[in-house]
Each structure stands twice: as structure tokens, then as C-alpha cells.
Amino acid sequence: MRENTQAEDVNVIEARDLVVSYGDRRALQGVSVSAGQGEVLGLLGPNGAGKSTFVRACLGLLRPAAGTIRVLGLDPVAHGETVRRQIGFVLEKTGLSEALDCRANLRFQGEVYRVEPGRLRARIEELLERFGLADRARDPVASLSKGLKQRLALARALLHEPRLILLDEPTSGLDPAAAREVRGLIASVVTDNATTVLLTTHNMVEAERLCDTVVILRQGRVVRRLDARELAGVAGVRVRCRPISAARAEAIAQLTGAAEVRRTEKVTEFVFDPTVEPEEARRGVADAGGHVLEVVRGAGGLEEAYLSATGRSNP
Ligand code: ADP
């Protein structure tokens, strides 16, 4: 699939002073962002900030009114087909065929992207296995839970081994356990394949967990950028416990709705969204059987950065 010959040092996404309008309404008002190969770029921002519009502009579905956008070194409007062939995406509507089974959905996608038949067969089985869908392969999509559908949508986006994946709120509407599973899969894709990812989200724990860089948008403008160093350690409420097994930690996370679990030899840590009260998180973990050592709030917090950048800290 890597048929364009740009040097590897060209940014995978490069937007400069990008303006995109719907009629008279300017949805992006001079946005400059870039993402290098293997980088996970998060777009955060309230509803209407322009996140989905940016994703659509990357796909060449919207023509810039001013400024430029290059994806894999190309203008995605002029070279739409070439660019889209190297992108996998999961947009708000998954676009899965509800009546077809999981395997048929993947096969259909592979045929659209003209994946060589032998390769396609192997790739489908590999992805079904990796995404925990092998035993549901023959079930129609309509019978799957929302979390499983989202996993299938992600598998489908990866089928043709794209260089860039665009994920528009990939965990929105999922319960905490399903969201955590989908996040884990996204994280593994990034580590294993050095794929570049553009992710939009409302969820700060998700941004902190997955992204190298976060750009906060408000009313079509970039109001804040946070690099990896700034992101480290700024997420929500962390409840630290004595170390426990992965299975027990997972059970506690399910019971309490923790967004993440981190385990080391010395401590098992449950990370909650910043909207959860620290005391509520502590009590939840303790009631579920965790031996709580301490409760820590991320210093400053991505939430605070988000709220002050989006002008919502003083409602
Ligand atoms: P976000 O994804 O951050 O919620 P969007 O990119 O969907 O934001 O929307 C940015 C702005 O563009 C909003 O003001 C929204 O109302 C407007 N908008 C989005 N899609 C359309 C559309 N198809 N037609 C007209 N306006 C739109």
C-alpha cells in the first residue's frame, strides 16, 4: 500500500492556518497542527469545537476555504483516492453492515480496498483473533453489543494496514469496561505498528493514556497544545492500592467504573475520570475489596488545562 514516495520525514498530517466553512459558518478558523509518523495526536474540545470537521478535512471530504492541509504529503482533496487508500477511519457512525456477519464485513472492506485475496484471508483471521471476535465471526453485526461493534469497526479500519488512522470519539457511548478494552486495543495498535493516529475525544483519561500530543480546540481555533511531557501525570483521580492480580484488578475496575488500571510490583493504581470525586473513587475501590494506600489527584490536571483553555473554569 505504501505507494507514495515521500520521504519518511514528511509529517503524516500537516495543517497550516486551515480554514473550513459550511456555507457562512466557519468551523475551523486558522488551525495549524501536525502529526509525525507513529505519533498519536489527540484533538480535545467541547461539542462544536471543530474536531470532526478536522477529521473530515483530513479525508479530503471538505475543501479548505483558506490555508492548507497535507496528509501523507498530499492534498487530500486533489488526491482523495490515493490518500484515503492509506487511511483507516472510524467515524461517528461505524458504517458496518448490520445484516452481515463480522467476517463478511471485514471481507467487504478488504475487497473495497483491493487487498490481495490470500493476504485478506489471513488478515481477517488475525484481526478477529486479536480483537476478541473470533467466536463471533459468524454472528450478524446487529447481534453484537456496542463495545463489540466498536472493536469490529476498529479491526475493519486496520484491515488494509493503513499508515494513518482517524478515530472520531472511538469510545463515546461505551460503558467504562468496553471503553477500556477499546482503548487498550488502540494502544496496542500504536505500539505494534508505528501507525499515526488522530483521535478526537471528550475523555481526558483517554487523551492522557493514548496521546503523545493533545491539541485543545475551541470554536474552531487551537487554544492550547500539550506535549508528552506536559501530559505525563496530569490525568484524573488515581486510587493506589496494594498490588493485586490482574483478574482482581479488572473485577474492581468493572465494579467501580475506573477508566484505567495500572499494575506494577509495588502498587495497583485505578485511574478515574477527573469528574469523579476523589472520595467517591476511594470508597468505591475500598468497598470492592482494594486495600487503598493513597488517593492522588493529577497535579494541575489535564481537566484544568482543558477547562481553562475552553473558558469553562468559571461557569
Ligand atoms: P465537534 O466535532 O468538535 O463537535 P464539528 O466539527 O462537528 O465539531 O462542528 C464544528 C462546527 O461546524 C459547529 O458549529 C457545527 O455546528 C458546524 N457543523 C458541523 N457539521 C456541519 C454541517 N454538515 N453543516 C453545517 N454546519 C456544520
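A polar contact is a pair of N or O atoms within 3.5 Å; within protein, one atom must be able to donate a hydrogen and the other to accept it, and residues adjacent in sequence count only if both atoms are side-chain atoms. Here's one to start with: the side chains of Glu-269 and Arg-240 make a polar contact of 2.5 Å.

Some ground rules before we go on. This is a predicted model, where local features need pLDDT of at least 70 and side-chain atom pairs count only at pLDDT 80 or more, while totals for chains, interfaces and linings use all residues. Residues are numbered from 1 along each chain as its sequence is written, and side-chain values use heavy atoms, with hydrogens and water left out.

**The whole protein**

- The protein has 11 helices and 13 strands; helices (H or I, at least four residues) and strands (E, at least two) are DSSP runs, numbered from the N terminus.
- Of the 315 residues in the protein, 49% are buried. Buried means under 20% relative accessible area, exposed means over 50%, and partly exposed is in between, using a 1.4 Å probe and protein chains only.
- Accessible areas come from the Shrake-Rupley method with a 1.4 Å probe, and for residues only the protein chains shown count as cover.
- Take the contacts between residues at least 6 apart in sequence: 70% of them join residues at least 24 apart. Contact here means heavy atoms within 4.5 Å.

**Around the ligand**

- Which residues sit around the ligand? They are Tyr-22, Arg-25, Ala-27, Pro-46, Asn-47, Gly-48, Ala-49, Gly-50, Lys-51, Ser-52, Thr-53 and Arg-56. A residue makes this list if one of its heavy atoms lies within 4 Å of the molecule.
- Strand 2 (25-35) and helix 1 (51-58) each supply at least two residues of this shell. Helix 1 gives the most, with four residues.
- Sorted by class, the shell has four nonpolar, five polar and three charged residues. Ala, Val, Leu, Ile, Met, Phe, Trp, Tyr, Cys and Pro count as nonpolar, Asp, Glu, Lys and Arg as charged, and the others, Gly among them, as polar.
- Lys-51 has a side-chain N or O atom 2.8 Å from an oxygen atom of the ligand. Thr-53 has a polar side-chain atom 2.5 Å from a ligand oxygen atom, and a backbone N or O atom of Ala-49 lies 3.1 Å from an oxygen atom of the ligand.
- On its own, the ligand has 560 Å² of accessible area, and the protein covers 64% of it.

**Thr-200**

- Look for Thr-200 in strand 7 (residues 196-201). Thr-200 counts as buried because its relative accessible area is 0%.
- The side chain of Thr-200 makes a 2.5 Å polar contact with the side chain of Asp-168. A polar atom of the Thr-200 side chain also lies 2.9 Å from the backbone nitrogen of Glu-169.
- Skipping neighbours within four places in sequence, Thr-200 is in contact with Leu-43, Lys-51, Val-55, Leu-167, Asp-168, Glu-169 and Pro-170.

- Is Glu-269 buried or exposed? With 7% relative accessibility, Glu-269 counts as buried.
- Not counting residues up to four places away in sequence, Glu-269 touches Arg-238, Val-239, Arg-240, Glu-260, Val-261 and Arg-262.
- His-291 sits in the loop between helix 10 (278-287) and strand 13 (292-297), and counts as partly exposed at 41% relative accessibility.
- His-291 and Arg-240 are 51 residues apart in sequence, and their C-alpha atoms are 8.4 Å apart in space. Leaving aside neighbours within four places in sequence, His-291 is in contact with Arg-240, Cys-241 and Arg-242.

**Two positive phi values**

- Most residues other than glycine have a negative phi.
- Arg-114 has a positive phi near 55°. Arg-114 lies in the loop between helix 3 (102-112) and helix 4 (117-130) and is exposed, at 63% relative accessibility.
- Gln-219 isn't a glycine either, yet its phi is positive, about 45°. The loop between strand 8 (213-218) and strand 9 (221-226) holds Gln-219, which is exposed with a relative accessible area of 57%.
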